[in-house]
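New notebook page, new structure. I'm jotting down what I look up as I go, starting with the backbone and ending at the ligand.

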Amino acid sequence: MSTPALHDTSSKPLDTAWVREQFPSLKLQVNGQHAAFLDGPAGTQVPKQVMEAIHNYLLNANANTCGAFETSRRNDAIIDGARGAMADFFHCDKDEVVFGQNMTTITFALSRAIGRELKPGDEIVVTTLDHDANVAPWRALEEKGVVIRQVDIHEADCTLDLDDLRKKITAKTKLVAVGYASNAVGTINPVAEITRLAHAAGALMFIDAVHYAPHGPIDVRSLDCDFLACSPYKFFGPHMGTLYGKREHLLRFKPYKVRPAPDRLPDRWETGTQVQELIAGIGAAVDYIAELGRRCAPPARAGRTALLAAYKSTRQHEMALLSQLIPGLLAIPGLKFFGITDATRFDERCSTVSVRLANHTPTETAKFLGDRGIFTWDGNYYALNLTERLSVEQTGGLLRIGLVHYNTAEEVDRLLSGLREFAA
Ligand SMILES: Cc1ncc(COP(=O)(O)O)c(C=O)c1O
(Lines give C-alpha, C1' and ligand atoms only; values in the text may rest on other atoms or scores of the structure.)
Protein backbone atom coordinates (compact mmCIF):
# COMPACT_ATOMS: atom_id res chain seq x y z
CA MET A 1 0.00 0.00 0.00
CA SER A 2 1.15 3.53 -0.59
CA THR A 3 0.37 4.48 2.99
CA PRO A 4 3.34 5.35 5.17
CA ALA A 5 4.22 2.54 7.58
CA LEU A 6 1.76 2.43 10.44
CA HIS A 7 4.77 2.36 12.78
CA ASP A 8 5.61 -0.43 15.12
CA THR A 9 3.40 0.62 18.03
CA SER A 10 1.27 -2.40 18.84
CA SER A 11 -2.34 -1.25 19.01
CA LYS A 12 -5.30 -2.81 20.81
CA PRO A 13 -8.53 -3.51 18.96
CA LEU A 14 -10.70 -0.44 18.73
CA ASP A 15 -12.89 0.24 21.76
CA THR A 16 -16.01 0.94 19.67
CA ALA A 17 -18.17 1.60 22.73
CA TRP A 18 -15.82 4.40 23.86
CA VAL A 19 -15.58 5.74 20.31
CA ARG A 20 -19.35 5.91 19.87
CA GLU A 21 -19.73 7.56 23.27
CA GLN A 22 -17.60 10.47 21.96
CA PHE A 23 -19.99 11.15 19.04
CA PRO A 24 -23.31 12.40 20.47
CA SER A 25 -25.03 12.54 17.06
CA LEU A 26 -24.71 8.77 16.64
CA LYS A 27 -27.65 8.54 19.05
CA LEU A 28 -30.01 10.26 16.57
CA GLN A 29 -33.12 8.35 15.53
CA VAL A 30 -35.00 8.54 12.22
CA ASN A 31 -38.47 6.98 11.85
CA GLY A 32 -37.87 5.09 15.09
CA GLN A 33 -34.56 3.65 13.86
CA HIS A 34 -31.05 4.52 15.02
CA ALA A 35 -29.32 6.57 12.34
CA ALA A 36 -26.56 4.57 10.63
CA PHE A 37 -24.13 7.16 9.27
CA LEU A 38 -22.64 5.47 6.21
CA ASP A 39 -22.19 8.89 4.60
CA GLY A 40 -18.73 9.63 6.06
CA PRO A 41 -17.16 10.39 2.64
CA ALA A 42 -19.49 13.40 2.40
CA GLY A 43 -18.57 14.50 5.92
CA THR A 44 -18.12 12.66 9.20
CA GLN A 45 -19.86 13.22 12.52
CA VAL A 46 -17.95 15.17 15.17
CA PRO A 47 -16.91 14.09 18.67
CA LYS A 48 -17.98 16.14 21.66
CA GLN A 49 -14.39 17.37 22.10
CA VAL A 50 -14.81 19.32 18.84
CA MET A 51 -18.17 20.77 19.89
CA GLU A 52 -16.71 21.83 23.25
CA ALA A 53 -13.69 23.48 21.62
CA ILE A 54 -15.92 25.57 19.34
CA HIS A 55 -18.16 26.48 22.28
CA ASN A 56 -15.14 27.38 24.41
CA TYR A 57 -13.70 29.54 21.64
CA LEU A 58 -16.91 31.53 21.24
CA LEU A 59 -17.28 31.94 24.98
CA ASN A 60 -13.71 32.76 26.00
CA ALA A 61 -11.59 33.67 22.99
CA ASN A 62 -13.84 35.27 20.39
CA ALA A 63 -11.70 38.04 18.89
CA ASN A 64 -9.70 38.83 15.79
CA THR A 65 -6.00 38.05 15.57
CA CYS A 66 -3.02 39.93 17.01
CA GLY A 67 -4.94 42.38 19.23
CA ALA A 68 -3.39 43.86 22.37
CA PHE A 69 -5.91 42.32 24.77
CA GLU A 70 -6.69 39.00 26.45
CA THR A 71 -9.33 37.38 24.21
CA SER A 72 -7.27 38.18 21.11
CA ARG A 73 -4.20 36.60 22.73
CA ARG A 74 -6.30 33.52 23.55
CA ASN A 75 -7.53 33.43 19.95
CA ASP A 76 -3.94 33.53 18.69
CA ALA A 77 -2.91 30.75 21.08
CA ILE A 78 -5.82 28.54 19.98
CA ILE A 79 -5.01 29.02 16.29
CA ASP A 80 -1.35 28.33 16.97
CA GLY A 81 -2.30 25.14 18.84
CA ALA A 82 -4.52 23.99 15.98
CA ARG A 83 -1.75 24.70 13.50
CA GLY A 84 0.63 22.64 15.63
CA ALA A 85 -1.90 19.79 15.71
CA MET A 86 -2.20 19.88 11.90
CA ALA A 87 1.59 19.95 11.61
CA ASP A 88 1.65 16.69 13.61
CA PHE A 89 -1.14 15.36 11.40
CA PHE A 90 0.71 16.16 8.15
CA HIS A 91 4.21 15.63 9.64
CA CYS A 92 5.49 19.06 8.66
CA ASP A 93 6.35 22.38 10.30
CA LYS A 94 3.68 24.74 11.61
CA ASP A 95 4.34 27.49 9.07
CA GLU A 96 3.68 24.98 6.27
CA VAL A 97 0.03 24.55 7.38
CA VAL A 98 -2.54 26.81 5.71
CA PHE A 99 -6.19 27.03 6.80
CA GLY A 100 -8.99 27.94 4.40
CA GLN A 101 -12.68 27.70 3.69
CA ASN A 102 -12.56 24.21 2.16
CA MET A 103 -10.28 22.16 -0.07
CA THR A 104 -11.93 23.41 -3.28
CA THR A 105 -11.43 27.09 -2.47
CA ILE A 106 -7.84 26.52 -1.31
CA THR A 107 -7.01 24.59 -4.47
CA PHE A 108 -8.45 27.29 -6.74
CA ALA A 109 -6.36 29.89 -4.88
CA LEU A 110 -3.25 27.74 -5.27
CA SER A 111 -3.89 27.07 -8.96
CA ARG A 112 -4.30 30.81 -9.58
CA ALA A 113 -0.99 31.48 -7.84
CA ILE A 114 0.87 28.70 -9.66
CA GLY A 115 -0.80 29.70 -12.93
CA ARG A 116 0.85 33.13 -12.72
CA GLU A 117 4.14 31.40 -13.54
CA LEU A 118 2.90 29.07 -16.30
CA LYS A 119 3.01 29.76 -20.03
CA PRO A 120 1.07 28.40 -23.02
CA GLY A 121 2.10 24.81 -23.79
CA ASP A 122 3.02 23.95 -20.19
CA GLU A 123 1.23 20.79 -19.09
CA ILE A 124 -0.64 19.62 -15.99
CA VAL A 125 -1.61 15.99 -15.38
CA VAL A 126 -4.96 15.16 -13.72
CA THR A 127 -6.81 11.84 -13.42
CA THR A 128 -10.11 10.20 -14.27
CA LEU A 129 -10.38 8.93 -10.69
CA ASP A 130 -10.32 12.31 -8.98
CA HIS A 131 -12.96 14.51 -7.38
CA ASP A 132 -13.51 17.58 -9.56
CA ALA A 133 -11.94 19.78 -6.89
CA ASN A 134 -8.62 18.30 -8.03
CA VAL A 135 -9.47 18.72 -11.70
CA ALA A 136 -11.41 21.95 -12.28
CA PRO A 137 -8.89 24.28 -10.54
CA TRP A 138 -6.17 22.96 -12.90
CA ARG A 139 -8.46 22.96 -15.94
CA ALA A 140 -9.14 26.63 -15.22
CA LEU A 141 -5.54 27.27 -16.35
CA GLU A 142 -6.49 26.21 -19.88
CA GLU A 143 -7.52 29.87 -20.20
CA LYS A 144 -3.80 30.67 -20.11
CA GLY A 145 -2.94 28.05 -22.74
CA VAL A 146 -1.91 25.36 -20.23
CA VAL A 147 -2.53 21.86 -21.62
CA ILE A 148 -4.32 19.37 -19.36
CA ARG A 149 -3.54 15.66 -19.72
CA GLN A 150 -5.94 13.21 -18.08
CA VAL A 151 -4.77 9.79 -16.87
CA ASP A 152 -7.17 6.91 -17.50
CA ILE A 153 -8.24 4.07 -15.17
CA HIS A 154 -8.52 0.31 -15.42
CA GLU A 155 -12.28 0.00 -15.61
CA ALA A 156 -12.36 -3.55 -14.20
CA ASP A 157 -11.12 -2.52 -10.73
CA CYS A 158 -11.19 1.29 -10.85
CA THR A 159 -7.44 1.68 -10.28
CA LEU A 160 -5.27 4.27 -12.00
CA ASP A 161 -3.61 3.16 -15.25
CA LEU A 162 0.01 3.78 -14.24
CA ASP A 163 1.32 3.04 -17.74
CA ASP A 164 -0.90 5.80 -19.04
CA LEU A 165 0.30 8.07 -16.22
CA ARG A 166 3.96 7.43 -17.13
CA LYS A 167 3.17 8.37 -20.74
CA LYS A 168 1.30 11.52 -19.78
CA ILE A 169 4.11 12.88 -17.58
CA THR A 170 6.57 14.51 -19.99
CA ALA A 171 9.31 17.14 -19.97
CA LYS A 172 6.53 19.74 -20.40
CA THR A 173 4.68 18.66 -17.23
CA LYS A 174 4.72 21.36 -14.55
CA LEU A 175 2.38 19.75 -12.02
CA VAL A 176 0.78 16.36 -11.36
CA ALA A 177 -2.51 16.43 -9.42
CA VAL A 178 -3.60 13.07 -7.99
CA GLY A 179 -5.93 12.02 -5.19
CA TYR A 180 -4.59 9.91 -2.34
CA ALA A 181 -7.80 7.86 -2.33
CA SER A 182 -10.93 7.93 -4.47
CA ASN A 183 -14.00 9.36 -2.74
CA ALA A 184 -16.16 7.29 -5.09
CA VAL A 185 -14.72 3.79 -5.20
CA GLY A 186 -12.15 3.81 -2.38
CA THR A 187 -9.03 3.05 -4.46
CA ILE A 188 -5.82 4.16 -2.72
CA ASN A 189 -3.36 5.50 -5.28
CA PRO A 190 0.43 4.90 -5.04
CA VAL A 191 1.06 8.57 -4.40
CA ALA A 192 4.65 8.16 -3.18
CA GLU A 193 5.58 6.46 -6.44
CA ILE A 194 3.66 9.05 -8.49
CA THR A 195 5.49 11.83 -6.61
CA ARG A 196 8.82 10.27 -7.64
CA LEU A 197 7.66 10.16 -11.27
CA ALA A 198 6.53 13.79 -11.13
CA HIS A 199 9.79 14.96 -9.57
CA ALA A 200 11.88 12.96 -12.04
CA ALA A 201 10.20 15.02 -14.78
CA GLY A 202 10.80 18.26 -12.86
CA ALA A 203 7.10 18.67 -12.04
CA LEU A 204 5.40 19.60 -8.77
CA MET A 205 3.16 17.07 -7.02
CA PHE A 206 -0.22 18.06 -5.57
CA ILE A 207 -2.12 15.43 -3.57
CA ASP A 208 -5.81 15.64 -2.72
CA ALA A 209 -5.93 13.72 0.56
CA VAL A 210 -9.50 14.70 1.43
CA HIS A 211 -10.84 11.18 1.13
CA TYR A 212 -7.81 9.42 2.56
CA ALA A 213 -7.50 11.51 5.74
CA PRO A 214 -10.07 9.67 7.93
CA HIS A 215 -8.68 6.29 6.88
CA GLY A 216 -4.89 6.47 7.12
CA PRO A 217 -1.98 8.54 8.39
CA ILE A 218 -0.49 11.20 6.13
CA ASP A 219 3.25 11.79 6.06
CA VAL A 220 4.17 14.62 3.71
CA ARG A 221 7.85 14.24 4.59
CA SER A 222 8.07 10.65 3.51
CA LEU A 223 5.80 11.26 0.48
CA ASP A 224 7.95 14.28 -0.42
CA CYS A 225 4.92 15.86 -2.14
CA ASP A 226 4.95 19.61 -2.77
CA PHE A 227 1.35 20.27 -1.74
CA LEU A 228 -1.33 18.21 -0.04
CA ALA A 229 -4.84 19.33 0.81
CA CYS A 230 -7.55 17.87 2.98
CA SER A 231 -10.76 18.87 4.73
CA PRO A 232 -11.19 18.49 8.50
CA TYR A 233 -14.92 17.86 8.13
CA LYS A 234 -14.03 14.51 6.59
CA PHE A 235 -11.90 13.53 9.60
CA PHE A 236 -14.23 14.33 12.50
CA GLY A 237 -13.67 18.09 12.50
CA PRO A 238 -15.64 21.14 11.35
CA HIS A 239 -16.37 22.32 7.79
CA MET A 240 -13.05 23.80 6.68
CA GLY A 241 -10.06 22.98 4.48
CA THR A 242 -6.32 22.79 5.12
CA LEU A 243 -3.26 22.77 2.92
CA TYR A 244 0.27 21.58 3.45
CA GLY A 245 2.80 23.30 1.22
CA LYS A 246 6.58 22.92 1.21
CA ARG A 247 7.97 26.12 2.70
CA GLU A 248 10.07 26.93 -0.36
CA HIS A 249 6.94 26.84 -2.59
CA LEU A 250 4.72 28.75 -0.18
CA LEU A 251 7.41 31.46 -0.18
CA ARG A 252 8.08 31.39 -3.91
CA PHE A 253 4.58 31.37 -5.41
CA LYS A 254 2.66 34.61 -5.04
CA PRO A 255 -0.93 34.32 -3.75
CA TYR A 256 -3.45 37.07 -4.50
CA LYS A 257 -3.72 38.98 -1.22
CA VAL A 258 -4.59 42.35 0.28
CA ARG A 259 -1.63 44.66 0.87
CA PRO A 260 -1.83 45.16 4.65
CA ALA A 261 -2.01 41.40 5.33
CA PRO A 262 1.35 40.01 6.47
CA ASP A 263 3.56 38.52 3.77
CA ARG A 264 5.04 35.96 6.14
CA LEU A 265 4.05 32.26 6.23
CA PRO A 266 1.42 31.04 6.44
CA ASP A 267 -0.54 34.32 6.69
CA ARG A 268 0.05 35.33 3.06
CA TRP A 269 -2.07 32.32 1.98
CA GLU A 270 -4.89 32.79 4.51
CA THR A 271 -7.01 35.39 2.75
CA GLY A 272 -9.19 37.55 4.99
CA THR A 273 -10.49 36.62 8.44
CA GLN A 274 -10.61 32.88 8.99
CA VAL A 275 -13.49 31.00 10.65
CA GLN A 276 -11.50 30.98 13.85
CA GLU A 277 -14.03 29.13 15.98
CA LEU A 278 -13.82 26.27 13.49
CA ILE A 279 -10.03 26.32 13.52
CA ALA A 280 -10.40 25.70 17.28
CA GLY A 281 -12.48 22.67 16.28
CA ILE A 282 -9.78 21.42 13.90
CA GLY A 283 -7.26 21.32 16.74
CA ALA A 284 -9.76 19.37 18.83
CA ALA A 285 -10.43 16.89 15.98
CA VAL A 286 -6.72 16.05 15.75
CA ASP A 287 -6.56 15.86 19.56
CA TYR A 288 -9.49 13.42 19.49
CA ILE A 289 -7.62 11.12 17.07
CA ALA A 290 -4.53 11.35 19.30
CA GLU A 291 -6.63 10.55 22.39
CA LEU A 292 -8.01 7.50 20.57
CA GLY A 293 -4.42 6.50 19.77
CA ARG A 294 -3.38 6.78 23.43
CA ARG A 295 -6.27 4.47 24.37
CA CYS A 296 -5.35 2.00 21.61
CA ALA A 297 -1.64 1.95 22.47
CA PRO A 298 -1.06 3.46 25.94
CA PRO A 299 2.72 3.94 25.47
CA ALA A 300 1.99 6.18 22.46
CA ARG A 301 1.96 9.52 24.23
CA ALA A 302 3.38 12.12 21.84
CA GLY A 303 1.08 13.70 19.27
CA ARG A 304 2.19 12.02 16.08
CA THR A 305 2.94 8.62 17.63
CA ALA A 306 -0.56 8.65 19.12
CA LEU A 307 -2.07 9.56 15.73
CA LEU A 308 -0.27 6.62 14.10
CA ALA A 309 -1.50 4.26 16.82
CA ALA A 310 -5.07 5.47 16.29
CA TYR A 311 -4.93 4.88 12.54
CA LYS A 312 -3.52 1.41 13.09
CA SER A 313 -6.59 0.45 15.13
CA THR A 314 -9.14 2.27 12.97
CA ARG A 315 -7.72 0.67 9.81
CA GLN A 316 -8.07 -2.84 11.35
CA HIS A 317 -11.65 -2.06 12.34
CA GLU A 318 -12.55 -0.64 8.92
CA MET A 319 -11.00 -3.62 7.12
CA ALA A 320 -13.00 -6.05 9.29
CA LEU A 321 -16.20 -4.19 8.34
CA LEU A 322 -15.17 -4.19 4.69
CA SER A 323 -14.64 -7.96 4.79
CA GLN A 324 -18.22 -8.26 5.98
CA LEU A 325 -19.64 -5.66 3.57
CA ILE A 326 -18.16 -6.67 0.21
CA PRO A 327 -19.11 -10.38 0.17
CA GLY A 328 -22.58 -9.38 1.45
CA LEU A 329 -22.98 -6.90 -1.40
CA LEU A 330 -21.70 -9.32 -4.05
CA ALA A 331 -24.33 -11.89 -2.96
CA ILE A 332 -27.20 -9.50 -3.77
CA PRO A 333 -28.81 -10.43 -7.11
CA GLY A 334 -28.54 -7.69 -9.73
CA LEU A 335 -25.93 -5.65 -7.80
CA LYS A 336 -23.00 -4.25 -9.76
CA PHE A 337 -19.89 -3.38 -7.78
CA PHE A 338 -17.34 -0.77 -8.91
CA GLY A 339 -13.77 -1.19 -7.64
CA ILE A 340 -11.53 -3.72 -5.91
CA THR A 341 -13.39 -6.67 -4.32
CA ASP A 342 -10.49 -9.10 -3.71
CA ALA A 343 -9.66 -9.19 0.02
CA THR A 344 -5.99 -9.91 -0.73
CA ARG A 345 -5.85 -6.47 -2.36
CA PHE A 346 -7.49 -4.50 0.44
CA ASP A 347 -4.24 -2.65 1.02
CA GLU A 348 -5.04 -0.88 -2.28
CA ARG A 349 -8.37 0.43 -1.05
CA CYS A 350 -10.15 2.04 1.85
CA SER A 351 -13.59 1.30 3.26
CA THR A 352 -15.63 3.29 0.73
CA VAL A 353 -17.54 1.37 -1.93
CA SER A 354 -19.87 2.19 -4.80
CA VAL A 355 -22.54 -0.05 -6.30
CA ARG A 356 -25.70 0.02 -8.41
CA LEU A 357 -28.80 -2.16 -8.19
CA ALA A 358 -30.38 -3.33 -11.43
CA ASN A 359 -33.67 -1.57 -12.25
CA HIS A 360 -33.26 1.09 -9.56
CA THR A 361 -31.57 4.46 -9.70
CA PRO A 362 -29.04 5.21 -6.96
CA THR A 363 -31.38 7.97 -5.71
CA GLU A 364 -34.27 5.50 -5.31
CA THR A 365 -31.99 3.11 -3.45
CA ALA A 366 -30.57 5.84 -1.19
CA LYS A 367 -34.10 7.08 -0.42
CA PHE A 368 -35.32 3.57 0.48
CA LEU A 369 -32.37 3.17 2.85
CA GLY A 370 -32.61 6.74 4.15
CA ASP A 371 -36.25 6.21 5.16
CA ARG A 372 -34.99 3.31 7.30
CA GLY A 373 -32.34 5.44 9.00
CA ILE A 374 -29.44 4.21 6.83
CA PHE A 375 -27.59 7.16 5.31
CA THR A 376 -25.73 6.50 2.06
CA TRP A 377 -24.99 8.81 -0.89
CA ASP A 378 -26.12 8.79 -4.49
CA GLY A 379 -24.99 10.54 -7.68
CA ASN A 380 -21.47 11.40 -8.82
CA TYR A 381 -20.14 12.85 -5.52
CA TYR A 382 -18.35 15.33 -7.84
CA ALA A 383 -16.12 12.53 -9.16
CA LEU A 384 -17.52 13.48 -12.54
CA ASN A 385 -14.66 12.20 -14.71
CA LEU A 386 -15.19 8.78 -13.16
CA THR A 387 -18.98 8.51 -13.44
CA GLU A 388 -18.68 9.62 -17.08
CA ARG A 389 -15.92 7.07 -17.73
CA LEU A 390 -18.00 4.30 -16.11
CA SER A 391 -21.02 5.36 -18.25
CA VAL A 392 -23.28 5.82 -15.23
CA GLU A 393 -23.50 9.62 -15.22
CA GLN A 394 -26.59 9.74 -17.46
CA THR A 395 -28.49 7.29 -15.28
CA GLY A 396 -27.99 8.74 -11.82
CA GLY A 397 -24.41 7.80 -11.00
CA LEU A 398 -23.64 5.41 -8.17
CA LEU A 399 -24.70 4.51 -4.64
CA ARG A 400 -21.89 5.07 -2.14
CA ILE A 401 -21.48 3.34 1.21
CA GLY A 402 -18.71 4.80 3.36
CA LEU A 403 -17.48 3.16 6.56
CA VAL A 404 -15.39 4.95 9.16
CA HIS A 405 -14.18 3.86 12.57
CA TYR A 406 -17.42 4.69 14.40
CA ASN A 407 -19.48 2.36 12.19
CA THR A 408 -20.36 -1.13 13.41
CA ALA A 409 -20.95 -4.67 12.14
CA GLU A 410 -24.60 -4.28 13.14
CA GLU A 411 -24.93 -1.22 10.86
CA VAL A 412 -23.38 -3.17 7.98
CA ASP A 413 -25.92 -5.96 8.62
CA ARG A 414 -28.78 -3.44 8.57
CA LEU A 415 -27.52 -1.99 5.29
CA LEU A 416 -27.21 -5.43 3.67
CA SER A 417 -30.72 -6.49 4.75
CA GLY A 418 -32.11 -3.16 3.51
CA LEU A 419 -30.47 -3.62 0.12
CA ARG A 420 -31.60 -7.26 -0.11
CA GLU A 421 -35.18 -6.19 0.68
CA PHE A 422 -35.10 -3.38 -1.89
CA ALA A 423 -33.51 -5.55 -4.59
CA ALA A 424 -36.05 -8.37 -4.08
C1 LIG B 1 -11.72 13.46 -2.63
C2 LIG B 1 -12.29 14.83 -2.42
N3 LIG B 1 -11.60 15.89 -2.82
C4 LIG B 1 -12.05 17.14 -2.66
C5 LIG B 1 -13.27 17.38 -2.08
C6 LIG B 1 -13.72 18.79 -1.90
O7 LIG B 1 -13.53 19.16 -0.58
P8 LIG B 1 -14.19 20.48 0.02
O9 LIG B 1 -15.63 20.17 0.26
O10 LIG B 1 -13.43 20.71 1.29
O11 LIG B 1 -14.00 21.55 -0.96
C12 LIG B 1 -14.05 16.31 -1.65
C13 LIG B 1 -15.38 16.53 -1.06
O14 LIG B 1 -16.21 15.68 -1.04
C15 LIG B 1 -13.55 15.00 -1.81
O16 LIG B 1 -14.23 13.93 -1.41
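Where is P266 found? I traced P266 to the loop between α9 and α10. A reminder to myself: this is a predicted model.

I looked up P266 for its peptide bond: L265 and P266 are joined by a cis bond, with omega at about -5°. Next I checked D224, which has a positive phi of about 65° although it is not a glycine. D224 sits in the loop between α8 (220–223) and β11. I flagged both because most residues other than glycine have a negative phi, and most peptide bonds are trans.

**Aromatic pairs.** I got a total of 15 aromatic pairs for the structure. One I picked out is F227 with F253, a tilted pair with 6.4 Å from centre to centre and 50° between the planes. This pair links distant parts of the chain, as the two residues are 26 apart. I placed F227 in strand β11 (residues 227–230), and F253 in the loop between α9 (247–252) and α10 (276–296).

**Around the ligand.** Which residues surround the ligand? I listed N102, M103, T104, H131, A133, N183, D208, V210, H211, S231, Y233 and K234. Sorting that shell by class, I have four nonpolar, six polar and two charged residues.

Then I went through some distances from ligand oxygen atoms to N or O atoms in side chains. For Y233 I noted 2.4 Å. For S231 the distance is 2.7 Å, and for N183 I wrote down 3.5 Å.

How much of the ligand's accessible area does the protein cover? On its own the ligand has 390 Å² of accessible area, and the protein covers 90% of that. Last entry: I looked up the space that the ligand takes, and that space is the second largest pocket.

Note on methods:
Residues numbered from 1 in each chain as written. Predicted model: local features only at pLDDT ≥ 70, side-chain atom pairs only at ≥ 80, totals over all residues. Heavy atoms only, no water. Near = heavy atom within 4 Å. Polar contact = N/O pair within 3.5 Å; in protein donor to acceptor, adjacent residues only side chain to side chain. Areas by Shrake-Rupley, 256 points an atom, 1.4 Å probe, with all protein chains shown as cover. 1 Å grid on protein atoms, 1.4 Å probe; cavity = no way out; pocket = protein on both sides within 12 Å on 5 of 7 lines; lining within 4 Å. Sits in = over half its atoms within 2 Å of the grid points. Nonpolar A, V, L, I, M, F, W, Y, C, P; charged D, E, K, R; others polar. Phe/Tyr/Trp six-rings, centres within 6.5 Å; stacked < 30°, edge-to-face > 60°. Helix = DSSP H or I, 4+ residues; strand = E, 2+ residues; numbered from the N terminus.
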